[in-house]
Amino acid sequence: QVQLVESGGGLVQAGGSLRLSCAASGRSFITYAMGWFRQAPGKEREFVAGISWSARDTYYTNSVKGRFTISRESAKNTMSLQMNSLKPEDTAVYYCAVGSFRPDPSDYEYWGQGTQVTVSS
């Protein structure tokens, strides 16, 4: 059974940092692209960042460029999102997903349950 588990969320002050991790189990995703999405209360799920299977290509939504960095360790079936200079508008539940590194959520096949990130002002 495929399972994606996010960790690393929490409460942080504006300007602070968090590092999210996603651990996949049940099968190897070494040849799969992966991505991070987020969903704030009352809003649609939003693409945050994606990474190709080789990690050579990364893609970010404009609002996080220069602040967030996506990475992966394919041999360990893990992916991370380093989030710096956090802003209150980054507050959301963050989800990891497998299947693409592009913004369309319908391209992703597997999803985690999410981890809450709250940025206080």
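Here are some questions and answers on a disulfide and a sheet in this predicted model.

The model is predicted, so local features need pLDDT of at least 70 and side-chain atom pairs pLDDT 80 or more, while totals for chains, interfaces and linings use all residues. Residues are numbered from 1 along each chain as its sequence is written, and side-chain values use heavy atoms, with hydrogens and water left out.

Me: What makes C22 and C96 a disulfide?
Reply: The term covers a pair of cysteine sulfur atoms within 2.5 Å. Here the sulfur atoms of C22 and C96 lie 2.1 Å apart, so the pair meets the definition. The count by this rule is one disulfide.

Me: Which parts of the chain does the pair link?
Reply: Distant ones: C22 is in strand β3 (residues 18–25) and C96 in strand β9 (residues 92–98), 74 residues apart. Strands are DSSP runs of E with at least two residues, numbered from the N terminus.

Me: Why is this disulfide called right-handed?
Reply: Because the torsion about the S-S bond of C22 and C96 is about 55 degrees.

Me: How do you know whether C22 is buried or exposed?
Reply: Buried means under 20% relative accessible area, exposed over 50% and partly exposed in between (1.4 Å probe, protein chains only). C22 has 1% relative accessibility, so C22 counts as buried. C96, at 0%, is buried too.

Me: What makes β1 and β3 a pair?
Reply: Two strands pair if DSSP finds at least two bridges between them. β1 and β3 have five, in the antiparallel sense, so they qualify. L4 stands opposite A24 in β3.

Terms used:
Helix = DSSP H or I, 4+ residues; strand = E, 2+ residues; numbered from the N terminus.
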